[in-house]
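Subject: Handover of a structure with two ligands

Dear colleague,

Please find below the structure that I am handing over to you. My notes on what was found in it follow directly after.

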Amino acid sequence: MNDTKQKLSPTSIFLHWIVAVTIIGLLALGIYMEENEAYQFYDLHKSIGALIFLVIIARVVWRIKQGWPEPASDYKKIEHLMSKVVHYVLLIGSVVIPMSGLMMSWGGGHELAVFGLEVWGPNHDPASPEETMARSEAIGGLGHQLHGLISNIVIAAIVLHIVGALKHHIVDKDATLKRMLGKS
Ligand code: HEM
Ligand code: HEM
């Protein structure tokens, strides 16, 4: 089923909410992990992040094929422009964050195992095999920088996005939020 002005397809709704909830959870877990050096959560964060990356790719392909949903009502031009910018930031950000996470782990020489299933192993230092060493400091470093930076930009965009959704629902009383909740 395709998206229409009155109703969004179950695929669009499912992909929006599974990615939205997982990203919000991973942002919170990531910040908690980093601030508290809670290394016991790194594997969980990386496993969920790598899996949701696959769903995010499907979401982007679906969005490219469908185009953006038509606005539910006649917004002002500036509102339309703002929501478009925020949607682009959210969609592109949800690709760049997990991709940079993968770059950080691969470049840094760390292993990636998705719930115990090895995708790639650690890069052992030949001089002291119990230690790991970077595969590429450039890729690892860039991944690290992007992961934190784009996460912060996406957090700001999510705040604007939620304020916008609530404004449509409470002030304009239009179908924007209802439509994303599967009601026509
Ligand atoms: C959509 C998915 C993801 C989100 C929203 C996310 C979000 C975050 C955030 C907000 C932080 C804290 C960054 C900071 O405070 O500077 C973080 C840390 C981290 N993330 Fe992710 N992440 C995701 C996916 C991944 C993936 C796929 C990997 C690796 C395979 C990964 C590896 C890490 C690591 C290793 C850290 C800790 C970095 C450090 O200790 O310096 N993340 N993540
Ligand atoms: C509680 C949190 C959230 C609420 C209440 C919410 C609500 C909505 C609503 C009502 C729309 C429809 C807008 C329209 O018709 O123009 C929408 C679209 C969208 N949302 Fe969210 N959202 C949330 C979280 C997120 C998160 C965390 C992301 C991504 C990181 C995200 C990404 C998007 C994108 C890209 C669209 C454009 C339409 C699409 O691709 O499906 N949202 N959201």
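A residue is taken to be near a molecule if one of its heavy atoms lies within 4 Å of it. Please also bear in mind that this is a predicted model.

I begin with ligand 1. On that basis, 23 residues surround ligand 1, and Glu34, Tyr42, His45, His144 and His147 are the closest of them. Three of these residues have a polar side-chain atom for which a distance to the ligand can be given, as follows.

- Tyr42: a polar atom of the side chain is 2.5 Å from an oxygen atom of ligand 1.
- His144: the corresponding distance, again to an oxygen atom of ligand 1, is 2.7 Å.
- His45: an N or O atom of the side chain lies 2.8 Å from a nitrogen atom of ligand 1.

Helix H1 contributes the most, with 7 residues. By class, the shell around ligand 1 consists of 12 nonpolar, 9 polar and 2 charged residues.

I turn next to ligand 2. Around ligand 2 there are 18 residues, of which His16, Arg59, Arg63, His161 and Arg179 come nearest. The side chain of His16 places an N or O atom 2.8 Å from a nitrogen atom of ligand 2. For His161, an N or O atom of the side chain is 2.7 Å from a nitrogen atom of ligand 2. In the case of Arg63, a polar side-chain atom lies 2.7 Å from an oxygen atom of ligand 2. The elements that supply two or more residues to this shell are H1, H2, H3, H4 and helix H5 (176-180). The largest share, 5 residues, comes from H1. The shell around ligand 2 comprises 11 nonpolar, 4 polar and 3 charged residues.

One further residue deserves a note. Ile150 is located in helix H4. Is Ile150 buried or exposed? Its relative accessibility is 17%, and because buried means under 20%, Ile150 counts as buried. Leaving aside residues up to four places away in sequence, Ile150 touches Gly93, Val96 and Ile97. Ile150 and Val96 are separated by 54 residues in sequence, while their C-alpha atoms are 7.3 Å apart in space.

With kind regards

Key: Residues numbered from 1 in each chain as written. Chains lettered and ligands numbered in written order. Predicted model: local features only at pLDDT ≥ 70, side-chain atom pairs only at ≥ 80, totals over all residues. Heavy atoms only, no water. Polar contact = N/O pair within 3.5 Å; in protein donor to acceptor, adjacent residues only side chain to side chain. Helix = DSSP H or I, 4+ residues; strand = E, 2+ residues; numbered from the N terminus. Nonpolar A, V, L, I, M, F, W, Y, C, P; charged D, E, K, R; others polar. Buried < 20%, exposed > 50% of the residue type's maximum accessible area, 1.4 Å probe, protein only. Contact = heavy atoms within 4.5 Å.
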